[in-house]
Amino acid sequence: TCFALALFGAIGCAFSDNLLTLYLFYEIVSVTTYPLVAHHQDEEGYDGARKYITYLTTTAKGLILPAMVLIYVLSGTLDFATNVHSGILPASAHNGVITALYVCCILGFAKNGIMPLHHWLPGAMVAPTPVSALLHAVAVVKVGVFSTVRVMLHVFGVDLMDRLNLGMPTAYFVSITILGASIIALSKDNLKTRLAYSTVSQLSYIILGVALLTPTGIEGGLVHIANHAFSKITLFFCAGAIYVATHKKNISEMSGLGRAMPWTFGAFAIASLSMIGAPPVGGFISKLYLLIGALDAGAIGILVVLVASTLLNAAYFVPVVYHGFFGQPSAGDAHHHHREAPLALVIPLCLTAAISALLGFYPDFFLQFAQAVVK
């Protein structure tokens with residue numbers, strides 16, 4: 001029931017036409033996913049769930065709610081603007097007030113995983129893998145970045161953000177998350193924890209693309225919502241299949257396991273390529289558009305961040321695949337007795353990996369939506 005209600009909240013956010021409705025569905029997602037995070041009902045589960053609900057509800061009520069009231073006082077409406085240029089705030093509003101509202105909205109939607117309000121996401125990894133996959137790789141975190149981007153483009157608008165010089169500071173601010181979370185991911189041996197910090201990093205690509213305020217950058221950020229979703233759900237499905245088949249959680253225990261589970265590790269490799277941004281997988285399209293958007297904005301610093309983060313992505317994903325296929329098991333830990341997980345687990349991860357690859361060959365399906373927003 002809670003799983004279905006969480007999806008209901010995510011779909012409600014997607015169809016919201018004003019800030020109040022968006023906020024209500026955003027909170028529905030927060031409340032209905034709390035029992036899912038605490039599913040194991042042990043001390044670790046309750047601790048993760050408490051951190052989860054505390055971060056998400058306090059930021060929403062402490063920052064978004066007062067910002068929403070003040071936006072209504074200033075503009076007389078909470079309906080989203082019909083295009084990305086105008087926004088709804090009046091030109092007569094004080095620049096300092098608008099900037100404060102903007103900061104509240106960026107930090108208030110804490111599901112977007114921006115540091116330092118990101119600790120709930122790794123803590124929520126105590127949830128069962130299906131919950132981690134769909135809710136903390138797709139629905140919950142995408143509600144966060146979707147809400148953030150929706151407010152940036154349809155409450156403040158590109159023209160206002162450009163006039164107040166809000167775009168590039170936002171891009172550099174989220175760059176700290178992109179690089180910082182990637183460096184932390186490098187140090188994690190637990191596979192799900194490494195994927196969690198990868199999610200923290202990858203979410204900020206979306207906000208960075210929009211903050212560039214160039215058409216190509218915005219398109220790259222928006223299309224990464226879909227590309228990241230299919231790739232990251234594949235990675236979490238793989239982590240779940242590995243645990244079901246072998247009961248192993250740590251990367252250091254998986255040397256040579258790819259030879260016993262070729263389909264699972266093959267899907268992991270494809271999704272990893274997408275996360276790195278290597279052709280011809282879907283993530284390459286996102287990175288390409290973000291790089292072009294940074295060039296269009298003349299932001300050489302952002303260009304450096306994107307290249308550095310790509311190298312860091314490779315540094316924490318490639319070893320998993322390499323050791324899986326080419327590593328030698330430690331003494332007394334031979335994998336000859338391990339087999340692939342049941343077909344009910346392997347087929348979905350192969351399908352999502354195939355979609356990740358197809359999004360690289362046929363990117364127009366999701367790009368047309370992003371282009372429609374910009375136009």
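Predicted model: local features only at pLDDT ≥ 70, side-chain atom pairs only at ≥ 80, totals over all residues.
Visitor: How are helices H4 and H6 oriented relative to each other, roughly parallel or roughly antiparallel?
Guide: Helix H4, residues 95-108, and helix H6, residues 129-156, pack with their axes 9 Å apart and at an angle of about 155°. Because angles over 145 degrees count as such, H4 and H6 are roughly antiparallel.

Visitor: How many charged residues are there in the contact of H4 with H6?
Guide: On the H4 side the contact is made by Ile98, Leu101, Tyr102, Cys105 and Ile106, while H6 brings Thr148, Val151, Met152 and Phe156. Divided by class, these residues give 8 nonpolar and 1 polar, and the number that are charged is none.

Visitor: What is the orientation of H9 and H10 to each other, roughly parallel or roughly antiparallel?
Guide: The axes of helix H9, residues 191-211, and helix H10, residues 215-246, come within 8 Å and cross at roughly 170°. With the cut-off for this class set at over 145 degrees, H9 and H10 are therefore roughly antiparallel.

Visitor: How many charged residues does the contact of H9 with H10 have?
Guide: The residues making this contact include Lys192, Leu195 and Tyr205 of H9, together with His228, Lys232 and Phe236 of H10. By class, the contact has 13 nonpolar and 8 polar residues, and its charged residues number 2.

Visitor: Which helix gives the most to the nonpolar patch?
Guide: The nonpolar surface patch, of about 310 Å², is made by Val69, Leu70, Val73 and Val97. Leu70 lies in helix H3, which spans residues 43-75. With 3 residues, the helix that gives the most to the patch is H3.

Key
Residues numbered from 1 in each chain as written. Heavy atoms only, no water. Axes fitted to C-alpha atoms, helices over the stretch in contact; angles between N-to-C directions. Helix = DSSP H or I, 4+ residues; strand = E, 2+ residues; numbered from the N terminus. Parallel < 35°, antiparallel > 145°, perpendicular 65-115°, else oblique. Contact = heavy atoms within 4.5 Å. Nonpolar A, V, L, I, M, F, W, Y, C, P; charged D, E, K, R; others polar. Patch = residues over 30% accessible without salt bridge, like charges linked within 9 Å, V, L, I, M, F, W, Y side chains within 5 Å. Areas by Shrake-Rupley, 256 points an atom, 1.4 Å probe, with all protein chains shown as cover. Salt bridge = Lys/Arg side-chain N within 4 Å of Asp/Glu carboxyl O.
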